[in-house]
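Here is a walk through one protein model, helix by helix and then into its pocket. Keep the 3D view open while you read.

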Amino acid sequence: MQPIVEVTVAAVGLVIPAAGLGERLGVGMPKALFAVGGESLLVHAVRAGTASGVVTSVVVAAPMGQAASVHSMIERELPAGAALRVVDGGATRQASVRAALAELPADVRVVLVHDAARCLAPAALFADVAAAVAGGDDAVVPGLGVVDTLKEVGPLGEVIATPDRSRLRAVQTPQGFTREILERAHHEALRRGDNDVSDDAGLVERIGCPVRVIPGHAEAFKVTRPLDVELAEAVLTSRRGTVEESP
């Protein structure tokens, strides 16, 4: 498979933290293993990442005790020559990413961190992020402009400020980093006892490293609530219809 975007680095690793329970979705199981369109969110995510043509290895942080079954679930999605490791995830997202980072092959210099919940992120987005890191940026995230008016509120619900939405972006995954920067950010977070950052770019920001935002994609939305499942099913139905209509 030819890369969607040429990436001139030796190896690109894809890390997927998939150990979370997804309580807001209310499915009574690890969210990454929940099926949409007949396949788990995790399978969709791995398939998109490897379809980019730039990923040379995949490490998944699985729900505790389910590493073997997760490995069997996704190994068929990898192209020939790609490496796969599945490890037990941690109690937090940061712990899961940290455990997965430790299992990446030594030659990986660019790391893409992707949430399985953003299962429909297109393959081209993975390639775009990897290419931006390979092109010289230490940290790159995809993002979309914010369409709602946002308010900053205080503890009593009072409005403190109305940010200029033209300067805001809703950040998505995959997020891309040089391996050195991402490992340093996680090491420093562990040293500080810092577990309150919701994405890896936030950890990188805290060590003073610039993060660049590139255009995201509408289909890289996060499956978090039941309504998101309906949207994901609709997107998959649309994609299948497009494929069937192709000559």
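## Around helix α3

The buried residues of α3 are covered by a set of elements that includes β1 (12-17), β4 (57-62), β5 (83-88), β6, α5 and α6. Keep in mind that this is a predicted model. Which residues of α3 are the buried ones? They are Gln94, Ala95, Ser96, Val97, Ala100 and Leu101.

Just past the end of α5 sits Gly193, with a positive phi of about 70°.

## Helix α1 and its partners

Helix α1 (residues 41-51) is mostly covered, with 9 of its 11 residues buried. The buried set is Leu41, Leu42, Val43, His44, Ala45, Val46, Ala48, Gly49 and Thr50. After α1 comes Gly53, and its phi is positive too, near 80°. For background, most residues other than glycine have a negative phi.

Leaving out residues up to four places away in sequence, His44 touches Val36, Glu39, Cys119 and Leu236.

Ala124 is found in helix α4 (residues 123-134). Is Ala124 buried or partly exposed? It is partly exposed, because its relative accessibility of 31% falls between the 20% and 50% cut-offs.

| C-alpha pair | Separation along the chain | C-alpha distance |
|---|---|---|
| His44 and Ala116 | 72 residues | 7.9 Å |

## Cysteines and a cis bond

How many disulfides does a search of the whole structure find? It finds 0. As a reminder, a disulfide is a covalent bond between the sulfur atoms of two cysteines. Cys119, the cysteine that His44 touches, counts as buried because its relative accessibility is 2%, under the 20% cut-off. Cys209 is buried as well, because its relative accessible area of 9% is also under 20%.

For the backbone, have a look at Thr173 and Pro174: a cis peptide bond joins them, with omega at about 10°. Pro174 sits in the loop between β10 (169-171) and β11. In general, most peptide bonds are trans.

## The largest pocket

What volume does the largest pocket have? About 770 Å³. Of the 30 residues that line this pocket, the closest to its centre are Lys31, Arg93, Asp115, Ser198 and Lys222. The lining divides into 10 nonpolar, 12 polar and 8 charged residues. The element that gives the most to the lining is α3, with 3 residues. That brings us back to the helix we began with, whose buried residues are covered in part by α5 and α6.

Conventions
Residues numbered from 1 in each chain as written. Predicted model: local features only at pLDDT ≥ 70, side-chain atom pairs only at ≥ 80, totals over all residues. Heavy atoms only, no water. Disulfide = S-S within 2.5 Å. Buried < 20%, exposed > 50% of the residue type's maximum accessible area, 1.4 Å probe, protein only. Helix = DSSP H or I, 4+ residues; strand = E, 2+ residues; numbered from the N terminus. 1 Å grid on protein atoms, 1.4 Å probe; cavity = no way out; pocket = protein on both sides within 12 Å on 5 of 7 lines; lining within 4 Å. Points joined across faces, edges and corners; volume = space filled by probe spheres on them. Nonpolar A, V, L, I, M, F, W, Y, C, P; charged D, E, K, R; others polar. Contact = heavy atoms within 4.5 Å.
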